[in-house]
Amino acid sequence: MNVQKQAAWIGMDLGGTNIKFGLVLANGTIHLQKKLDSEIPFGYKYVFDKIAGYTRELIHAAGSDFVVKGFGIGVPGLIDIKNQMLVEASNFPGWKNVKIGYELEKRLDFKVSVDNDANLAALGEYKFGAGRGVTEMLMVTLGSGVGSGLILNGAIYHGSRSAAGEFGHTIIQKDGPLCACGRRGCVEAFVGKYGIQRRIKELLVDYPRSILREIEPHNITPEDIYNAAVKGDKTALLLFQEVGESLGVGLGNVANLLNLERVVIGGGISNAGELIFKPARETLAQIAFKTNFETITLVPAHLGENAGLVGSACLAMQISEKF
Ligand SMILES: [Zn+2]
């Protein structure tokens, strides 16, 4: 019997701590997913040799059922798209001007496509997640940092030197709280994990009866605040109200600039759901012009922590379609 082989693309999310990868089919489903330590401090030659080994194992495991048509990889740093090169990444010490595409193609028999991980998470949600059906979209990932990727006219928007899409570092309060980037008043300084931890400490001074007082202030996590909010803790509810409002200010500005159709919100902090989304929408309504507000919908992400992996494979799919 002649069995038809299914087309598949390798998607890889290379993070500072883990490598997540797997085979992604044309309908966006993931097969043979794996998660391993990335071991970035050992240097790029070591890591790429290891990746090449994993890839060969993956293809072997896929056996005769699949035909692998391409390889896409996302990296959390500034990528020179034209040269498929990682310029620099704060979580990748010593990795400067690394030609990821060239280095991996040297080791593998595939065309390798590289982009920034947040851009690829946006591409994944756009193709197979919460962004389906629109062409103008922003994806925002609320975690320790605030990552974002912009889809305009159905494609990742890179800007002139691949540095576009930094929603987390747009400033919503001049001379506001310090951000990890060294500037003040960025969206991330209000809605990222560290911004939230800073603000809850301030609020607890004014609200001594909060149940969050039972936790050492330095150890309070966004999850603790969510658990307190669910129990009706006023301080925790106020915190999420403020986070949503700050997010709404930033998104209102973006809506007025770009007349987006959709904002997809992911990352651990977005698990607070409507506690953040509702005030964000209300603030957006105040800031965005009527048409811009009417056009935009703010929705939770669908692909969870696999958005980057799926998006990497989507990039490879797009490239393989061109040949
Ligand atoms: Zn910043």
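## The β8–β9 pair and its sheet

Strand β8 (residues 137–142) and strand β9 (residues 146–152) run antiparallel to each other and are paired over six bridges. Strands count as paired if DSSP finds at least two bridges between them, and both strands (E, at least two residues) and helices (H or I, at least four residues) are DSSP runs numbered from the N terminus. The model is a predicted one, in which local features require pLDDT of at least 70 and side-chain atom pairs count only at pLDDT 80 or more, whereas totals for chains, interfaces and linings use all residues. Residues are numbered from 1 along each chain as its sequence is written, and side-chain values rest on heavy atoms, with hydrogens and water left out.

Within this pair, methionine 139 has glycine 149 of β9 as its bridge partner. Helix α3 (residues 117–128) packs on the sheet and touches β8, β9, β10 and β11 (262–266), where contact means heavy atoms within 4.5 Å. The direction of α3 makes about 55° with that of β9; axes are lines fitted to C-alpha atoms, for helices over the stretch in contact, and angles between N-to-C directions run from 0 to 180 degrees. Helix α7 (residues 234–258) also packs on the sheet, in contact with β8, β9, β11 and β12, and its direction makes about 160° with that of β8.

## Strand order and the place of β8

The sheet is open and has five strands in the order β10-β9-β8-β11-β12, with mixed pairing. Its edge strands, β10 (155–156) and β12 (297–300), each pair on one side only.

Buried means under 20% relative accessible area, exposed means over 50%, and partly exposed lies in between (1.4 Å probe, protein chains only).

## The zinc site

The zinc ion is coordinated at 2.0 to 2.4 Å by four residues: His169 through ND1, and Cys179, Cys181 and Cys186 through SG. Donors are N, O and S atoms within 2.8 Å of the metal (3.2 Å for Na, K and Ca); water is not among the atoms, so sites may look incomplete. Along the chain the donors follow the spacing H-x9-C-x1-C-x4-C.

The arrangement is tetrahedral because the four donor atoms subtend angles of 105 to 121° around the zinc ion. Four donors count as tetrahedral if all angles lie between 85 and 135 degrees. Cysteine 179 is buried, at 6% relative accessible area, whereas cysteine 181 is partly exposed, at 29% relative accessibility.

Lysine 5 lies in the segment before β1 (6–14) and is partly exposed, with a relative accessible area of 44%. Leaving aside residues up to four places away in sequence, lysine 5 touches Ser64, Asp65, Phe66 and Val67. Lysine 5 and leucine 150 are separated by 145 residues in sequence and by 34 Å in space, C-alpha to C-alpha.

Strand β4 (residues 66–75) is largely enclosed by the rest of the structure, because eight of its 10 residues are buried. Its pairing with β1 is parallel over seven bridges, and glutamine 6 stands opposite phenylalanine 66 in β4. Strand β4 also pairs in the parallel sense with strand β7 (residues 112–116), over five bridges; in β7, serine 113 is the bridge partner of glycine 72.

## Helix α5

Helix α5 (residues 193–206) has 14 residues and spans 21 Å from its first C-alpha to its last, close to the 20 Å expected at 1.5 Å a residue. The expected span is 1.5 Å times one less than the number of residues. Its buried residues are Gly195, Ile196, Gln197, Ile200, Leu203 and Leu204, and they pack against α4 (188–191), α6 (222–230) and α7.

## Residues with positive phi

Leucine 32 is not a glycine, yet has a positive phi of about 55°. Leucine 32 belongs to strand β3 (residues 30–37) and is partly exposed, at 36% relative accessibility. Glutamine 84, likewise not a glycine, has a positive phi of about 50°. Glutamine 84 sits in the loop between β5 (78–80) and β6 (85–88) and is buried, at 15% relative accessibility.

Notes
Tetrahedral: all angles 85-135°; square planar, octahedral: opposite > 155°, others 65-115°.
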